[in-house]
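Hi there,

Here is the structure we talked about passing along. Have a look at it first, and then read on for what turned up.

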Amino acid sequence: MEKLATTATVRTRMSRQKSRDTNVEVALRKALHAKGARYRIHRKPVKGVRREADIVFGPVRVAVFVDGCFWHGCPVHATWPKNNAEFWRAKIEGNRRRDLDTDARLAEAGWLTVRVWEHERPDEAAERVLAVVASRRASAPTKAAQQAPLSNI
């Protein structure tokens with residue numbers, strides 16, 4: 001990628017952008033925890049795939065990603081900077097392609113991804129995530145069924 005022509009002010013502001021434990025992510029985790037959910041944070045769901053999910057429900061293979069509206073090109077709130085427009089368009093489009101690739105790789109390994117936009121209300125997003133987790137739990141075979149010997153046919 002080409003070197004970005006920018007000002008010291010912009011460089012300082014961008015360097016302060018957090019990539020983990022953002023306010024939105026922490027609010028979602030608190031809402032999930034308040035509803036009784038237990039999960040892991042900042043884990044790679046699949047070995048060999050260099051992508052880290054924000055929230056992971058390992059036993060049911062659900063990976064949650066909290067996406068920023070700017071960085072991931074939210075269809076509702078995305079803005080396209082006027083300065084260095086080509087650079088930022090390429091950067092954001094690259095992020096979108098990587099997100100799609102991540103979803104495909106995880107699906108191939110039996111995982112379901114849930115994407116939460118930063119503009120979503122944490123309690124509503126938590127309900128959506130928990131509905132997916134509950135659905136996966138309901139469709140998963142029970143341990144007893146997995147351990148039961150096959151009958152002779």
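One term before the tour: two residues are in contact when heavy atoms of theirs lie within 4.5 Å. Please also keep in mind that this is a predicted model.

**The overall picture**

The protein chain holds 5 helices and 4 strands. Read from the N terminus, the order of the elements is α-α-β-β-β-α-β-α-α. Of the 153 residues in the chain, 30% are buried. The accessible surface comes to about 10500 Å², and carbon and sulfur atoms account for 52% of that. If you take the contacts between residues at least 6 apart in sequence, 56% of them join residues at least 24 apart.

**The cores**

The largest nonpolar core is made of 17 residues, and those with the most contacts inside it are L28, L32, F57, V64 and V129. Two or more residues each come from helix 2, strand 2, strand 3, strand 4 and helix 4. Which element gives the most to this core? That is helix 4, with 4 residues.

There is also a second, separate core of 8 residues, with V46, V56, A63 and F65 among them.

Leaving out residues up to four places away in sequence, L32 touches A37, Y39, I55, F57, A126, V129 and L130.

**Helix 4**

Helix 4 covers residues 122-139, which is 18 residues.

T113 sits in strand 4, which runs over residues 112-117. Setting aside neighbours within four places in sequence, T113 is in contact with A63, F65, D103 and L106. With D103 there is a polar contact as well, side chain to side chain, at 3.1 Å.

H42 belongs to strand 1 (residues 40-43). Is H42 buried or exposed? Its relative accessible area is 9%, and buried means under 20%, so H42 counts as buried. The side chain of H42 makes a polar contact of 3.4 Å with the side chain of E52. Beyond its neighbours within four places in sequence, H42 is in contact with R20, D21, E25, R29, E52, A53 and D54.

R50 is found in the loop between strand 1 and strand 2. With a relative accessible area of 76%, R50 is exposed. R50 and T102 are 52 residues apart in sequence, while their C-alpha atoms are 9.1 Å apart in space.

Technical notes
Residues are numbered from 1 along each chain as its sequence is written. This is a predicted model: local features need pLDDT of at least 70, side-chain atom pairs count only at pLDDT 80 or more; totals for chains, interfaces and linings use all residues. Side-chain values use heavy atoms; hydrogens and water are left out. A polar contact is a pair of N or O atoms within 3.5 Å; within protein, one must be able to donate a hydrogen and the other to accept it, and residues adjacent in sequence count only if both atoms are side-chain atoms. The expected span of a helix is 1.5 Å times one less than its number of residues. Buried means under 20% relative accessible area, exposed over 50%, partly exposed in between (1.4 Å probe, protein chains only). Accessible areas come from the Shrake-Rupley method with a 1.4 Å probe; for residues, only the protein chains shown count as cover. A nonpolar core is a set of buried Ala, Val, Leu, Ile, Met, Phe, Trp, Tyr and Cys residues joined through side-chain atoms within 4.5 Å.
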